[in-house]
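Me: I have a model to go through today. Could you take me through it, beginning with the terms?

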Amino acid sequence: MRRFPHGHFRPGSGPLPIYINSTRFIQPPPPLVNCVRLLHLLLRPNHRQTIGGAIRKSFWLLIHSHTVPDRSKKASGMAGWIGKKGEESPAFEGNGMVRIGADSEEFILLRHRFYTSIGSLVPHCALLHLHRYSYAAPATRARWEAFLRCVKSTALENGGDANEKFAFREASRDWIIQIGNRGLDLSSEMSDDGGYFGVGLYLTPEPVSINSVMSSVVDGDGLRHVLLCRVALGRSEEVVCGTGQSHPSSKDFHSGIDNLKKPTRYVVWYHDVPIRILPLYVLSFKVDFRNRGLLQKVPVKGPSSPWISITHLLLLLSKFLPRPTICQIKKFHCEFKERKISRQQLVLRIREVTGDKILRDAIKSFQDKRAAAARLASRTKD
C-alpha cells in the first residue's frame, strides 16, 4: 500500500491500518483506547522522533479517527454541562472542541500533570473542566498539517530536533472559542506583557505554569482558563528586555526565550504563531485562596517508613503495574494535593491497589539506586 505525506493513503485502497505502540488495527480502535493512547503520544516527554517515524504517523491517524465518544456528541448541543462539584461547564462544545469527562483516564492524567506543575497552588486551584481541541474536520485538519510541516522543516534546520515543548497560555473564553473556529488569529489577542521580550505571543514553560494560572482572567461564570499547547521552538535565542524585537535576529534562530538557563517565557514571533503552536487542551478552574482544604488543621506527621516521593514512586510502579492502576494512583494523588484526603489515607489507598509486595520491591529498587549513586559520588569526590 503506497503511503503519502502525513499519513494519507490512496483513496479506495481499503481500510486504514492504524498503529498504536506497534499494535496494528485495521479499523479505528474503540474511542476510549483512542483518547488515552492519543494523550500518551501528545504528552510523551523528550519526544525526538522525526516526522516520518511510526509514532508520528500513528499520532496523525489517531487525530483523524473517530475519537469523540457518543456522549460528547450528544452534549455538543447543550448550552452547558453540570459536571464536577455541580459546576457548569463552559459551552465550548461545538466550537472545535470536545469535552473530556471528569472520570476518564484522559482527564485524570491531565489533571495530575497540571497539579504537578503548579505545586502548592493546587488546594486553591482545583481543575474543574477539560476540553480537547479536535483536528478531525477538514478546516482544523489543515492547521494540524501546517504544524506538522513546521515541525519537520524546523527539525531539518536544527540537526533533526524541532525542540518541541509543552507550554501554557492564559486565555479568555472568547479567544478560546475563536481558536476552535478560526485557529490562532491574533487580531484580538496582542501580548499583554508590555512587549518586554519582543513583539510575539508569550507562552509559559510547563515547570512555571503557575505564571499563566495567576495571569488568567476571570470570565462571567467565575472560571479561569489556560491553554496547554505544543510548540516547536527550534533554536531559541535569548531576547533582551525592551528591545522591541519582532523577528529572529538571524536565519539561525526560530523563536525567542527570556532566559536560556531558566526560561519563564517562550516567545513565538507573530508571523510564526499559526504554524509553530498547536493548542491541545483548555483547562478551566477557579482560584480561591479562601479554600484552604478540610485537612489543613490536621497535624501533618512525617513518614515513619523509608521516605520516597510520590512522583518517584509512580515512576517505579509504572514498571510493575498496568496503566489503569497507575491512573487510579494518580487520581488518589490528585485528591491528596487537593487536601481531600490525608497522607495516611493516600498511603493506605496505594497499598490497597498495589499490594505490599510490589510496594516493597519498588521502594527497595529506589533505595538501591540511591545508595549506588551515593557510592559513586563519594568515589568521584575522593
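Reply: A disulfide is a pair of cysteine sulfur atoms within 2.5 Å. This is a predicted model, in which local features need pLDDT of at least 70 and side-chain atom pairs count only at pLDDT 80 or more, while totals for chains, interfaces and linings use all residues. Residues are numbered from 1 along each chain as its sequence is written, and side-chain values use heavy atoms, with hydrogens and water left out.

Me: How many disulfides does the structure hold?
Reply: The structure holds zero disulfides.

Me: Is cysteine 334 buried or exposed?
Reply: Cysteine 334 is buried, at a relative accessible area of 0%. Buried means under 20% relative accessible area, exposed over 50%, and partly exposed in between, with a 1.4 Å probe and protein chains only. Cysteine 150 is also buried, at 5%.

Me: What share of the protein do buried residues make up?
Reply: They account for 47% of its 382 residues.

Me: Which residues have the most contacts inside the largest nonpolar core?
Reply: They are Phe114, Leu227, Ile277 and Leu283, in a core of 53 residues. Strand E13 (residues 277-285) gives the most to this core, with seven residues. Another core, of 16 residues, lies apart from it and includes Ile308, Leu316, Ile326 and Ala362. A nonpolar core is a set of buried Ala, Val, Leu, Ile, Met, Phe, Trp, Tyr and Cys residues joined through side-chain atoms within 4.5 Å. Strands (E, at least two residues) and helices (H or I, at least four) are DSSP runs, numbered from the N terminus.

Me: What is leucine 227 in contact with?
Reply: Leaving aside neighbours within four places in sequence, its contacts (heavy atoms within 4.5 Å) include Tyr133, Phe168, Trp175, Ile179 and Tyr281.

Me: Changing topic, which residues of helix H9 are buried?
Reply: In helix H9 (residues 310-317), these are Ile310, Leu313, Leu314, Leu316 and Leu317. Seen down the axis of H9, they fall within an arc of 165 degrees, so they line one face of the helix. The arc is that of the directions from the helix axis to the C-beta atoms.

Me: Lastly, where is alanine 91?
Reply: Alanine 91 is in the loop between strand E4 (88-89) and strand E5 (97-100). This residue is partly exposed, at a relative accessible area of 31%. Alanine 91 and arginine 173 are 82 residues apart in sequence, yet 9.5 Å apart in space, C-alpha to C-alpha.
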